[in-house]
Amino acid sequence: MQTIDKQLLISKLSAFLDSDALLYKEEDLRPYECDGLSAYRRLPMLVALPRNIDEITAIVKTCYQYRIPVIARGAGTGLSGGALPLETGVLLSLARLNRILDIDHENLLATVQPGVRNLAISEAVADSGLYYAPDPSSQIACTIGGNVAENSGGVHCLKYGLTVHNIAQLKIITIEGELLTIGNHALDSAGYDLLALLTGSEGMLGIIVEITVRLLPLPETARVMLAAFDDVELAGTAVSDIIADGIIPAGLEMMDNPAIRAAEDFVHAGYPVDAAAILLCELDGTTAEVSDQMQRVHELLASRGASEIRTAENDAQRQQFWKGRKAAFPAVGRIAPDYYCMDGTIPRKKLPWVLKNITELSASYKLPVANVFHAGDGNLHPLILYDANKPGELERTEEFGGKILELCIEAGGTITGEHGVGMEKIDQMCIQFEDAELQQFHAVKHAFDQHGLLNPGKAVPTLHRCAEFGAMHVHQGQLSHPELERF
Amino acid sequence: MPDLGHLLSEQIRTACNEHQPLVIQGNNSKAFYGNPCEGQTLDVSGHHGIISHEPSELVLTARAGTRLSDVKQTLAERGQMLGFEPPSFGDATLGGTIACNLSGPRRPYAGAARDFVLGCRIINGKGEILQFGGKVMKNVAGYDLARLMSGSMGTLGVLLDISLKVLPIQQQAISLQFELDVKQALQQFANWRQQPLPISAACHDGETLTVRLTGSSVALSSAQQTLGGEALAEGTDFWQQVREHEHDFFQDQRSLWRLSLPATASIDLNDKQFIDWGGAQRWVFSDALVSELRAIAETVGGHAILFRSTQDNDDRFHPLDKAMLAVQQRLKKSFDPERILNRGKMYRQL
């Protein structure tokens, strides 16, 4: 194996990249030092901004030849540090591959480059009455390549699935620089289901260079209902009962009192600030079906002790109902100097148990918590409020956060529902998985990347690693991309 | 029911040490499917039983040897179902269904077997018991090795327990029929696909297009008005016959091919095709050369599986190109280094 220093690598890459496609001065590298998890910062050796698949292939081949790590990056909105650079590695930005290549209306497929923004796909097909269903909250900025790498979710997961359920084909560049087509434009393909394996693989198995997503016809109608409860447990039970009644809402969200108050103070959505919890339930489908289900949900919520039920009468009101929920993260950011966002998923029936334990932990750590919850699919986002300027408070918060993730595992859930492991939750992977399972992950990684050059050190901990610990650390409200909704 | 996980893992460990190939067997309902493969039988049918069903969680966990009919019945008692409407082909087990990734008529509208897999416990080719995924809807911790098991034909691991997302049974169903030729039917599917209609199945047998609508009675009557067509009285029986290959079309002695294609693909065939999945799955009885069917599928961007063969060929699945085969061989090795699990069942090299 040949070794190479930074200068030589620059000259090798400059042979086929334009000067504006290669960044190596410190001031140019600075914007790439972190993704949405800004507590973790590291400068890459250099940043490459290729324009096409040929350039990506050439970069990857060069890196492979000299055993230089390659870290792929989309819009950098990820919340788990998946795109954190390595000082010894090339940060491969896919932002310039931002074209929609083809829209096949009859087969409901759109073929796009990885740097296309999630929302841009739906916007491009809206005139045809179609859309791309997965809607991570950062969809205005996050790119589809990153969505595939993280298997992104969103509010509508319970009904419409995650990214893995909504893609048909990927083109990837392997670490050897080979172009592989995974999947096809049919509903399945020959061989192992690498489409499932690559989705959510956090840039560890290949560089995603083209994606064919599945589109859906826009539902005829979408309506939303807001229900207030005097008791969190009652709200939790109502969630389970709606689903047990055979209704799959398009969105089913829950907020507890601290989150309601913070959101109301911030955006004045008209939420009942004395409620212990509110539920937002969105139903979509044909107009006839939706009005039928709205009635059933209304009756059900009333019989489960809702103190107040409101139905949005028009689209403006529907947006108003959602406004507070969508602003919940920044709203919480206003009431405390810092907050730490968790992302566990639990079986819904364990919600009261988990919330009770979080409340107890909150009291013993003397740190308040606001809970926002994708209740429909059991994805919990407790936000721990703290002040990093108070000595020891960050450490206490991190410890508290770890306890919450352990509660999620104990409840039969998982440490991450949609934000990914990245750097942030790599230590909790040691709790969720046994050694043999982690070894199997490493063996799979080895099958794609025997020298461990693709995004090394992320997602799967080595067996002797389990000591470090990370957090989504929002200092003085300075979250990266503060303009984005986080929910 | 006892958990046979450790017993099976011991058997696999021994086989691994002795380089003894194993042939995984549940209820043997799909003995016809996949390449013939040789080895000692590893009977997993004794590892059966439903471990849990939580209707409000939309999750069912069952052992791989559980009969599909038992799973369906347990779910139906609580108003739920398997969203992918899998065929039983007699007496299939849940494990075999997932290992083959078999889905029925609802597949294009609800998802395939793989889409409903939330987690599973497996034994790899070294005899290690491993658990991936979980029992929750959203889980991005670690690579998605649970879904990878679906369709891997037992060549990566022996399935022990499987957790699936389940769905509520929709209130009503009606089936409508239209007399159309193949070309018109494909166009009709494409038109409907782009509209928000409560369609849950759509097929064409060469002369007649049949579409199933499911939902509330109000939704159905409004959709029926939009679509028109003749109502089919025995809709439930019809779709069961399609799913189980009991429909008249399937009464044929030749080899049965399954072509998985982009839904609008128009193909030139001498033999009659039964179109399911709104165009994306074509069943064809044919004595044509293997290479001919493969070329037809490949030209339109799909793949062709020799689903039931009259001969002992070991090329049932569509060949992979060299680079892809190399990746899949390495992946196989990562789970099953001695290649003892269902050796050659999918591809000679796996």
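Here is a short chat about a few strands and the overall build of a predicted model.

Modeller: Quick ground rules: residues count from 1 along each chain as written, and chains are lettered from A and ligands numbered from 1 in written order. As the model is predicted, local features need pLDDT of at least 70 and side-chain atom pairs 80 or more, while totals for chains, interfaces and linings use all residues.

Colleague: Why is strand E11 of chain B called mostly covered?

Modeller: Six of its six residues, 199-204, are buried, and buried means that 20 or more other C-beta atoms, placed from the backbone, lie within 10 Å of a residue's own. Across chain B, 53% of the 350 residues count as buried.

Colleague: How do you know that E11(B) pairs with E12(B)?

Modeller: Pairing takes at least two DSSP bridges, strands being DSSP runs of E with at least two residues, numbered from the N terminus. E11(B) and E12(B), residues 208-215, share five bridges and run antiparallel, with Ala201(B) opposite Arg212(B). Three residues separate them in a hairpin, where Gly206(B) has a positive phi of about 115 degrees.

Colleague: And in chain A, which way do E3 and E4 pair, parallel or antiparallel?

Modeller: Parallel, over four bridges, and Arg73(A) stands opposite Ser93(A).

Methods. A residue is buried if 20 or more other C-beta atoms lie within 10 Å of its own, exposed if 12 or fewer, and partly exposed in between; C-beta atoms are placed from the backbone.
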